[in-house]
Amino acid sequence: MWPGKRQKVVFEFTGPSYQAILDKLHTAKILSIHNGVYTIEADVYGDGIKMYLLSQGSWVKVISPQSFVEEMKDEIRKMNNLYEKGGEENG
């Protein structure tokens with residue numbers, strides 16, 4: 001991803017191809033599979049992981065670390081605000 005601090009990220013993935021996640025995130029490993037939900041852990045560097053996980057839309061839910069969960073929630077709120085507040089005028 002991008003240079004920066006190292007962090008261990010845990011997230012749930014419900015998309016059609018968990019293998020695509022494993023191919024993109026070389027340190028990723030599946031922790032569990034339950035009812036089609038893959039819990040995945042990856043050691044990553046920098047902020048590129050946020051961009052990548054956001055690109056997966058509703059197929060991804062970050063579980064930890066809590067600081068990263070909050071960062072994702074904040075970004076999703078900002079994205080939602082683009083559509084809630086005057087989105088019609090922009091597109």
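These legends go with a set of close-up views of a predicted model. Local features need pLDDT of at least 70 and side-chain atom pairs count only at pLDDT 80 or more, while totals for chains, interfaces and linings use all residues. Residues are numbered from 1 along each chain as its sequence is written, and side-chain values use heavy atoms, with hydrogens and water left out.

View 1. Helices (H or I, at least four residues) and strands (E, at least two) are DSSP runs, numbered from the N terminus. Lys50 counts as buried because its relative accessibility is 18%, whereas Glu71, at 32%, is partly exposed. For these words, buried means under 20% relative accessible area, exposed over 50%, and partly exposed in between (1.4 Å probe, protein chains only). Glu75 joins Lys50 and Glu71 in a network of salt bridges.

View 2. Glu70 pairs with Lys73, the closest N and O atoms being 3.6 Å apart. Asp74 and Lys78 make another pair, with 3.5 Å between the closest N and O atoms. Lys78 is partly exposed, at 47% relative accessibility. In total, the structure holds 6 salt bridges.

**View 3. A cis peptide bond joins Ser64 to Pro65.** Omega is near 5° for this bond, and Pro65 belongs to the loop between S4 and H3. Most residues other than glycine have a negative phi, and most peptide bonds are trans.

**View 4. Asn35 has a positive phi.** The value is near 50°, in a residue other than glycine. Asn35 is in the loop between S2 and strand S3 (37–45), and it counts as exposed because its relative accessibility is 73%.

Key: Salt bridge = Lys/Arg side-chain N within 4 Å of Asp/Glu carboxyl O.
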